[in-house]
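Student: I'd like to go through this one slowly, asking about the terms as we meet them. Can we start?

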Amino acid sequence: MDKIDLEQFEKRLEVRPLRMSDFDAIVALQQKCFPGMPTWTREHVQSQLDHFPEGQIGVIHDGQLVASSCSLILDYDLCSDWHDWKVVADRGFIRNHDPAGDVLYGIEIMVDPERRGMRLARRLYEARKQLARERNLEAIVIGGRIPGYAEHKDEMSAQEYVQKVEDKTLFDPVLTTQLANGFELKQLIPDYLPTDEDSAGWATHMEWLNVDYRPFQKRAVRAVQMVRLATVQYQMRRIDSFEDFERQVTFFVDTAGDYKCDFVTFPELFTTQLLSIVDAKRPGLAARKLAEFTPRLLEVFSKLAIRYHVNIVGGSTFVVENGVLYNVAYLFRRDGTIGKQYKLHITPAEWRWWGVTGGDHVDVFDTDCGRVAILICYDIEFPELARIATKKGAQILFVPFNTDERFGYLRVRHCAMARCVENHVYTVLSGCVGNLPQVANADIHYAQSAIFTPADIPFSRDAVAAECTPNIETIVMQDLDIELLRRHRYRGTTQNWRDRRRDLYRVLYKEDGAEHET
């Protein structure tokens with residue numbers, strides 16, 4: 001088998017400012033989302049881009065516009081016309097945009113009905129929130145449609161309808177999404193958009209408060225860069241089909257997405273569960289049979305990362321390239337792109353049972369939450385690799401592992417904790433539990449998946465941010481501050497990275513035919 005071309009599995013998704021060249025796609029999307037309602041004219045879109053280009057945002061999936069939002073900045077105290085869309089939005093021309101205002105007003109958001117379920121609205125709301133933080137705006141205000149109300153208007157008032165949506169008795173495709181994204185209902189607005197028959201003319205006045213808002217810009221505020229990490233402790237059990245495996249994986253990704261995690265991590269070689277459905281007597285042959293599932297795994301995980309809006313460290317699996325068997329971890333970014341890391345150090349058991357060959361370089365990956373690296377199980381036990389990754393800018397080391405008993409697990413755990421101290425990084429461990437009696441060299445498992453920090457006062461007690469109960473199937477999540485790592489490198493009680501005695505020792509490594517030094 002030749003090397004897999006990852007581009008054929010990448011589903012490109014990009015959140016970017018809208019352009020005038022998007023006009024036809026914007027109109028087509030409006031027609032799909034709001035059939036029978038007037039669309040923007042070319043003059044509308046040009047005016048929006050002229051007055052506030054950063055506030056006009058689109059989501060592009062595989063080259064196609066699939067979602068968009070429009071907004072402007074207003075002075076909350078000077079605007080008394082929240083009840084009148086034509087006034088507050090200047091009939092869509094936003095010539096009343098005020099760069100010195102204190103609230104971001106959302107005038108429209110659209111998601112292609114055929115792409116719903118991909119958390120596209122969340123991406124747009126997150127982009128608006130980030131814009132509010134960058135501009136130091138006090139809040140986001142939106143006048144939201146309630147398109148589900150038309151079906152119920154003969155049996156209840158608009159007030160009763162939104163109350164039932166709030167307590168989850170009813171579902172509204174717009175209001176439910178806004179509530180899920182942290183917006184609070186302030187009031188109902190009658191005759192907000194009379195042409196909106198689905199909402200019977202009603203709209204909601206919704207607000208999201210920016211907790212980072214600073215009334216006085218000169219006040220000193222410590223910078224933070226929060227990232228939410230999830231790690232899966234995965235139960236190995238016999239399955240009857242690939243679809244059984246996919247359902248188990250989807251459950252964990254869906255859970256991480258629901259909790260708005262930025263990353264979710266799976267264990268090393270958790271894909272050996274698929275050997276339950278492979279007819280191969282010899283372990284070496286079974287490993288190569290497992291590698292045949294890799295294209296299907298790439299397809300599944302790439303779709304899940306986009307659908308649930310979470311970066312996935314997809315554990316690791318076997319891959320055959322030019323006849324050679326490797327143990328490879330894939331990173332599935334939520335923008336649809338894919339990266340991969342070969343396991344570099346192969347354990348005696350991996351070579352003896354399966355004939356695995358090690359890779360030859362450490363990769364560091366850019367993500368929307370900073371730079372990360374993946375060190376697969378045994379690799380974390382070699383401090384040189386973490387040094388290389390840190391030198392390349394990694395702030396989080398993901399460690400998918402697979403150990404059969406407690407001693408093996410403790411080697412991974414203690415080394416991962418040491419790497420945090422040595423390099424001022426976070427490490428995230430994900431392992432398998434349970435048994436696969438019929439799978440050679442993958443029959444028993446021991447794990448206590450965890451998230452570790454440097455051992456110092458600003459971090460978690462015992463340098464453990466979160467950890468699972470040993471040997472049960474579960475998932476744990478934790479918020480960590482990336483900015484805190486940077487400060488710790490220069491201001492920590494001990495400053496291990498800075499205090500290396502490079503006059504006595506150095507870490508040299510070879511990459512792309514050249515020699516490098518950390």
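Predicted model: local features only at pLDDT ≥ 70, side-chain atom pairs only at ≥ 80, totals over all residues.

Student: In what sense do β18 and strand β19 (residues 444-445) pair, and over how many bridges?

Tutor: They pair in the antiparallel sense, over two bridges. Residues are numbered from 1 along each chain as its sequence is written, and side-chain values use heavy atoms, with hydrogens and water left out.

Student: What makes β18 and β19 count as paired?

Tutor: Two strands pair if DSSP finds at least two bridges between them. β18 and β19 have two bridges, so they qualify. The strands themselves are DSSP runs (E, at least two residues), and helices are runs of H or I with at least four, numbered from the N terminus.

Student: What else does β18 pair with, and in which sense?

Tutor: Strand β8 (residues 226-236) pairs with β18 (residues 432-435) in the parallel sense, over three bridges. There, Q235 has V433 in β18 as its bridge partner.

Student: Which strands form the sheet that starts with β1, and in what order?

Tutor: Seven strands form that open sheet, in the order β1-β2-β3-β4-β5-β7-β6, with mixed pairing.

Student: Why are β1 (13-17) and β6 (184-189) called edge strands?

Tutor: Each pairs on one side only. Inside the sheet, β4 (residues 103-111) runs parallel to β5 (residues 139-145), joined by four bridges, and G106 stands opposite I142 in β5.

Student: What makes you say helix α4 (residues 120-134) touches the sheet?

Tutor: Contact means heavy atoms within 4.5 Å. By that test α4 touches β1, β2 (57-61), β3, β4, β5 and β7 (203-209). Its direction makes about 160° with that of β4; such angles run from 0 to 180 degrees between N-to-C directions, using axes fitted to C-alpha atoms, for helices over the stretch in contact. Helix α1 (residues 23-33) lies across β3 (64-74) and β4, at about 75° to β4.

Student: Which strands make up the sheet that starts with β14?

Tutor: Six strands form this open sheet, in the order β14-β15-β16-β17-β20-β21, and the pairing is mixed. Its edge strands are β14 (364-367) and β21 (464-467). Three bridges join β20 (residues 450-452) to β21 in an antiparallel run, and F452 has V464 as its bridge partner.

Student: Why is helix α7 called roughly parallel to α9?

Tutor: The axes of α7 (residues 242-258) and α9 (residues 294-307) come within 11 Å and cross at roughly 25°. Angles under 35 degrees count as roughly parallel, over 145 as roughly antiparallel, 65 to 115 as roughly perpendicular and the rest as oblique. That crossing angle is why α7 is roughly parallel to α9. Residues in the contact include F245 and V249 of α7, and L297 and F301 of α9.

Student: How do you know that F245 and F270 form a tilted aromatic pair?

Tutor: Rings of Phe, Tyr and Trp (its six-membered ring) pair if their centres lie within 6.5 Å; planes under 30 degrees apart are stacked, over 60 edge-to-face and the rest tilted. F245 and F270 sit 5.5 Å centre to centre with 35° between the planes, hence a tilted pair. F245 lies in α7 and F270 in the loop between β9 (263-265) and α8 (283-291), so the pair ties together parts 25 residues apart in sequence.
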